[in-house]
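Subject: Structure handover

Hello,

The structure I promised is below, with the sequence. My notes on it follow, starting with the contacts along the chain.

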Amino acid sequence: MHQRLKVPTMALSRVVLASGRSVDLTELRLSATYANVLEGYPCKPLNDHAIAGLLRSAERFHPSAPVHLIPPPREYTDQFAGAFGPVEVLPAVTCVGSFRSEALDPGHDRALYRSRLTVVWFQPTSCIPAGYDAETELLDMDWERLAADEEL
């Protein structure tokens, strides 16, 4: 009889989704949302362009994993609207994270399969999500619908 060597998963943190599923955050890129804005002001066209770029980057980050965007809250200030419309501000920190969990398909060998998902979200601080302490939208993800199984 052969025994499989079980290698421990090294994760940055473990997040418990509202569904009760635990997912491991294995990679995380944090950046200041408006760090690369040299001119202009935060507005819908600028934000939409930045989000599209983040999604393309996330697809390159882990090409074999599906990518999910948690739509960011958009805050509108009383500042003067410029040529591109009203001022629209996204949360201060942009996050691109790679998550893993147990296989979705109960028929898959648990030692050989994991489910994966790359997630793009925004949050007000640079805190790493852990346990039940994360943005509500992150905790409410429908992992079973969004993630995909992969063979290790």
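Among contacts in the chain between residues at least 6 apart in sequence, 71% join residues at least 24 apart; contact here means heavy atoms within 4.5 Å. This is a predicted model, in which local features need pLDDT of at least 70 and side-chain atom pairs count only at pLDDT 80 or more, while totals for chains, interfaces and linings use all residues. Residues are numbered from 1 along each chain as its sequence is written, and side-chain values use heavy atoms, with hydrogens and water left out.

Overall layout

The chain has three helices and eight strands. Helices (H or I, at least four residues) and strands (E, at least two) are DSSP runs, numbered from the N terminus. From that end on, the order of elements is β-β-α-β-β-β-β-β-α-α-β. Along the principal axes, the C-alpha atoms fill a box of roughly 75 × 30 × 25 Å.

Of the 152 residues in the chain, 37% are buried. Buried stands for under 20% relative accessible area, exposed for over 50%, and partly exposed for anything in between (1.4 Å probe, protein chains only). The chain exposes about 9400 Å², and carbon and sulfur atoms supply 55% of that area. Accessible areas come from the Shrake-Rupley method with a 1.4 Å probe, and for residues only the protein chains shown count as cover.

Nonpolar cores

The largest nonpolar core has 18 residues, and F99, L117, V119, W121, L138, M141 and W143 touch the most other members. Such a core is a set of buried Ala, Val, Leu, Ile, Met, Phe, Trp, Tyr and Cys residues joined through side-chain atoms within 4.5 Å. At least two residues of this core come from each of β2 (22-32), β6 (93-102), β7 (113-123), α2 (136-139) and α3 (143-146). Another core lies apart from it and has eight residues, among them I51, A58, L90 and V96.

Which residues does F99 touch, not counting residues up to four places away in sequence? They are V15, V23, D24, L25, S115, R116, L117, V119, W121, L138 and W143.

Charges and salt bridges

There are 14 positive and 20 negative side chains in the chain, and the centres of the two sets lie 7 Å apart. Lys and Arg count as positive and Asp and Glu as negative, whereas His and the chain ends are not counted. The place of a charge is taken as NZ of Lys, CZ of Arg, CG of Asp or CD of Glu.

The structure holds nine salt bridges, a salt bridge being a side-chain nitrogen of Lys or Arg within 4 Å of a carboxyl oxygen of Asp or Glu. One of them joins the side chains of R74 and D48 (3.0 Å, N to O). This pair links distant parts of the chain, with R74 in the loop between β3 (67-69) and β4 (75-76) and D48 in helix α1 (residues 44-61), 26 residues apart. R74 is partly exposed at a relative accessible area of 29%, and D48 is partly exposed at 30%.

R74 also forms a salt bridge with E88, where the closest N and O atoms are 2.6 Å apart. E88 is buried, with a relative accessible area of 1%. A network of salt bridges links K44, D48, R74 and E88.

In another salt bridge, between R100 and E150, the closest N and O atoms are 4.0 Å apart. R100 lies in strand β6 and E150 in strand β8 (residues 148-151), so this pair ties together parts that are 50 residues apart in sequence. R100 is partly exposed at 29% relative accessibility, while E150 is buried at 18%.

Two loop residues

A147 sits in the loop between α3 and β8 and is buried at 10% relative accessibility. Its C-alpha atom is separated by 6.0 Å from that of S115, 32 residues away along the chain. Not counting residues up to four places away in sequence, A147 touches P66, L104, S115, R116 and L117.

P72 is in the loop between β3 and β4 and is buried, with a relative accessible area of 11%. With residues up to four places away in sequence left out, P72 touches I51, L90, P91 and F122. P72 and M10 are 62 residues apart in sequence and 29 Å apart in space, C-alpha to C-alpha.

Regards
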